[in-house]
Amino acid sequence: MDALTSLFAGFETALHPMNLLYALIGVTLGTLVGVLPGIGPALTVALLLPVTAKLPPVSAFIMFAGIYYGGMFGGSTTSILLNTPGESASIITALEGNKMARRGRAAAALATAAIGSFIAGTIGTMLLTFFAPAIANIAVQIPPSAKFAMIMLAFVTISATFGNSPLRGLLSLFFGLSIGLIGTDLQSGQARFTLGFPELLDGIDFVTVVIGLFAIGETLYVASRYRKTQDVIKLEGGATMKRDDWRRSWGPWLRGTALGFPFGALPAGGAEIPTFLSYTLEKRLSKHPEEFGKGAIEGVAGPEAANNASAAGVLVPLLTLGLPTSATAAILLAAFQQYGLQPGPLLFMTNGDLVWGLIASLYIGNVMLLLLNLPLAGVWARLLLIPRPYLYAGILVFSTVGVYSLNNSVFDLVLLAIFGVIGYGMRRFDFPVTPAIIGVVLGPTAESFFRTALQQSNGDFSIFVRQPLTAFILFIVLLALVVPAILRLRARRAQPPIPPHTDAIMFDKE
Amino acid sequence: MTQSPSAPPVTPARPGISPADLAVAIGITLVGVLLLLGTLKIPFGINAVVGPRVFPLIVSIGTMALGGLLTLNALRGDRAEPGLEEDTDPDAPINHVNPAVIMVGFLIGSFLLPSLGFVIGTAVMYFSVAYAFSERRYGLMVGVALIVALITYVLFTRGLGLTLPPGILKGIL
């Protein structure tokens with residue numbers, strides 16, 4: 001009941017006309033960047049961070065949350081009409097939804113994706129409403145050593161456990177951690193890895209890293225192997241579906257939601273796994289398994305719902321523990337830090353208005369997104385026709401503003417170029433970008449918990465095995481590292497020709 | 001995991017060593033070594049139970065170890081599969097000139113930006129990206145570049161209150 005009272009207070013905040021406007025701006029921007037290739041919600045929130053310094057935190061986060069949810073809705077439009085998944089979680093939609101669109105069922109595919117996203121988003125937000133305060137209540141008592149262990153768990157699951165190449169995921173993480181080390185160490189006042197540049201004493205702003213790796217890296221990479229002709233499927237009118245489509249969709253929507261939310265809420269590495277699971281499940285349950293792979297509506301409805309439910313789930317560890325499990329969540333965490341707020345259990349007590357306003361705005365944003373995406377689907381589809389030379393050039397200009405405005409310094413632009421080249425290399429050599437972003441944002445926090453824990457134990461390292469919760473989590477970390485490796489090794493023995501170690505699609509723009 | 005529809009279906013029975021993959025792996029290992037050397041230059045903190053060196057030490061040794069593993073894999077013929085993005089064609093011939101054009105345009109624009117102003121600087125960048133993406137209608141490119149740069153400037157300075165250098169357009173804007 002407590003949660004309900006707080007939620008009503010949250011709706012008062014979220015329904016304030018100014019905040020409604022920011023929610024509308026957020027969901028519109030989110031859908032826009034979700035549809036446009038080359039740019040995603042993570043990048044958009046990072047670009048907007050410097051700009052929103054003048055907004056009150058509630059309005060800024062309501063807008064960011066809108067961008068986050070909106071990106072999910074927009075992403076499915078692109079996958080269905082363009083048949084090239086922009087994020088790993090959309091692979092299935094691109095496969096099944098595009099086949100539907102090619103059979104002239106684009107409107108139904110878009111409708112089942114949008115309505116499924118709405119249902120999953122709303123149920124996910126409800127679960128968030130009731131789970132988050134309960135978890136926050138427990139989390140208040142967690143000691144620093146266990147917080148450090150939890151960050152380790154997030155690091156390992158995001159970079160190693162569920163990726164295709166754990167080694168490359170971990171290397172990406174360590175790259176992010178190294179970048180996070182640059183600058184003055186706050187506890188001792190010593191400069192680290194500044195190479196004598198005074199500009200580096202404050203560290204590298206993560207905005208530069210994110211924009212470099214995502215926007216510049218992507219632009220360079222696409223330029224190196226550019227597809228000159230885009231095969232966009234035409235859409236007349238809005239997204240609608242018939243009675244039969246409804247009958248076949250509602251089950252997959254609910255099952256997809258049930259699969260997606262827990263995967264998002266546990267620090268378990270994003271939306272890919274639940275979307276794949278949902279696809280397999282629907283194929284097994286379907287009365288028309290022969291349609292799968294040729295455009296089955298269940299194969300769009302289930303995975304899309306799973307994708308969105310996991311997006312809502314991601315907010316649980318972010319708000320209650322301060323643990324981001326996706327790139328966008330990492331940037332939201334950094335945004336909290338820029339406002340001097342630390343997400344985590346205390347946030348619910350110290351900034352209840354903010355948290356509940358944000359959660360309430362998620363319900364409102366979902367309704368707005370449904371209204372924006374069903375009748376206006378055709379308008380969004382037209383965005384896919386923007387000529388690519390002008391689109392990518394525009395992305396580069398906006399990236400430049402976002403970074404230059406941080407300090408008005410050319411030094412930052414040179415850094416941006418360097419990160420752009422690294423981002424290019426990561427795409428070329430199959431290193432996922434998300435672990436690097438998580439490492440940059442969460443690395444300094446991890447170090448600070450590590451040192452606080454050791455200071456409380458007077459330098460005794462055994463604190464990490466004597467504190468029961470810490471030891472338990474670190475044990476799971478070990479399992480998460482070792483078990484998948486063993487399974488992979490056994491699978492390889494059983495099946496002599498070495499399978500290609502990668503699915504090639506590792507760049508989520510969540 | 002389901003196979004992605006676009007991944008190449010077969011791997012050669014005995015793949016040779018890919019020089020590019022090996023170079024990347026060795027490069028990463030070397031970065032780990034450099035990080036370790038950098039770590040040893042950090043002064044010990046005073047009055048701290050855990051000094052500022054401990055965490056960098058873990059990170060640098062970790063990078064070295066993981067880089068070493070990647071090198072071993074590369075020596076065994078492991079090669080990275082280039083990522084698939086919207087707007088990329090996995091079968092297209094790889095073009096290294098286009099990214100170079102973008103980088104050069106970006107750096108020229110960056111260094112011109114403080115003196116000649118934001119509009120000129122970013123217009124140079126815009127032009128270079130459009131050129132790299134095979135657009136050749138020069139008049140249109142210059143026009144759109146200037147208009148986008150100008151709108152961005154006005155939007156961010158007037159609308160959002162950021163300060164960006166006006167450069168040679170000072171007084172006009």
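Predicted model: local features only at pLDDT ≥ 70, side-chain atom pairs only at ≥ 80, totals over all residues.
**Entry 1: chain B overall**

I began with the make-up of chain B. It comes to five helices and zero strands. I read the pattern along the sequence as α-α-α-α-α. Next I looked up burial. Of the 173 residues of chain B, 42% count as buried. Then I looked at contacts between residues at least 6 apart in sequence. In chain B, 58% of these join residues at least 24 apart.

**Entry 2: a helix pair in chain B**

I turned to helix H3 (residues 97-116) and helix H4 (residues 118-132) of chain B. Their axes come within 7 Å and cross at roughly 175°. Angles over 145 degrees count as roughly antiparallel, so H3(B) is roughly antiparallel to H4(B). I listed who makes the contact. From H3(B) the residues include Asn98(B), Val101(B), Gly105(B), Phe106(B) and Leu116(B). From H4(B) they include Phe118(B), Gly121(B), Met125(B), Ser128(B) and Tyr131(B).

**Entry 3: two helix pairs in chain A**

I took helix H4 (residues 57-82) and helix H5 (residues 91-139) of chain A. The axes come within 8 Å and cross at roughly 165°. That makes H4(A) roughly antiparallel to H5(A). I noted the crossing as right-handed.

Then I checked helix H9 (residues 243-265) and helix H10 (residues 272-285) of chain A. Their axes come within 9 Å, and the crossing angle is roughly 150°. H9(A) is therefore roughly antiparallel to H10(A). The crossing of H9(A) and H10(A) is right-handed. On the H9(A) side, the contact is made by Pro252(A), Arg255(A), Gly256(A), Leu259(A), Gly260(A) and Phe263(A). On the H10(A) side, the residues include Ile273(A), Pro274(A), Leu277(A) and Glu282(A).

**Entry 4: helix H7 of chain A**

I tested the length of helix H7 (residues 166-181) of chain A. At 1.5 Å a residue, its 16 residues should span 22 Å. The end C-alpha atoms are 23 Å apart, which agrees. How many of its 16 residues are buried? I found 13, so H7(A) is mostly covered, where buried means under 20% relative accessible area. Just after H7(A) comes Gly183(A), with a positive phi of about 120°.

**Entry 5: helix H17 of chain A**

I ran the length test again on helix H17 (residues 410-428) of chain A. Its 19 residues should span 27 Å at 1.5 Å a residue, and the end C-alpha atoms are 27 Å apart, which agrees. I counted burial too. Because 14 of the 19 residues are buried, H17(A) is largely enclosed by the rest of the structure.

I then looked at both ends. Ser409(A) caps the N-terminal end of H17(A). A side-chain oxygen of Ser409(A) lies 3.3 Å from the backbone nitrogen of Phe411(A). After the helix comes Asp430(A), whose phi is positive, near 65°.

**Entry 6: Ser399(A)**

I found Ser399(A) in helix H16 (residues 388-407) of chain A. Is Ser399(A) buried or exposed? Its relative accessible area is 0%, so Ser399(A) is buried. What does its side chain approach? A polar atom of that side chain lies 2.7 Å from the backbone oxygen of Ile395(A). I set aside neighbours within four places in sequence. Ser399(A) is then in contact with Leu47(A), Ile211(A), Ala215(A), Ile216(A) and Leu416(A).

**Entry 7: Ala330(A)**

I located Ala330(A) in helix H12 (residues 327-338) of chain A. At 0% relative accessibility, Ala330(A) counts as buried. Not counting residues up to four places away in sequence, Ala330(A) touches Pro324(A), Ile437(A), Ile438(A) and Val441(A). I also checked the distance to Ala271(A). Ala330(A) and Ala271(A) are 59 residues apart in sequence and 15 Å apart in space, C-alpha to C-alpha.

**Entry 8: a loop in chain A**

Last, I looked at the loop between strand S2 (191-192) and helix H8 (206-224) of chain A, where Phe193(A) is found. Phi of Phe193(A) is near 50°, a positive value in a residue other than glycine. Leu195(A) has its place in the loop between S2 and H8 as well. Phi of Leu195(A) is near 55°, again positive in a residue other than glycine. Phe193(A) counts as buried at 17% relative accessibility, whereas Leu195(A) counts as exposed at 74%.

Note on methods. Residues numbered from 1 in each chain as written. Chains lettered and ligands numbered in written order. Heavy atoms only, no water. Helix = DSSP H or I, 4+ residues; strand = E, 2+ residues; numbered from the N terminus. Expected span 1.5 Å × (residues − 1). Buried < 20%, exposed > 50% of the residue type's maximum accessible area, 1.4 Å probe, protein only. Polar contact = N/O pair within 3.5 Å; in protein donor to acceptor, adjacent residues only side chain to side chain. Contact = heavy atoms within 4.5 Å. Axes fitted to C-alpha atoms, helices over the stretch in contact; angles between N-to-C directions. Parallel < 35°, antiparallel > 145°, perpendicular 65-115°, else oblique. Left-handed = near helix turned anticlockwise from the far one by under 90°.
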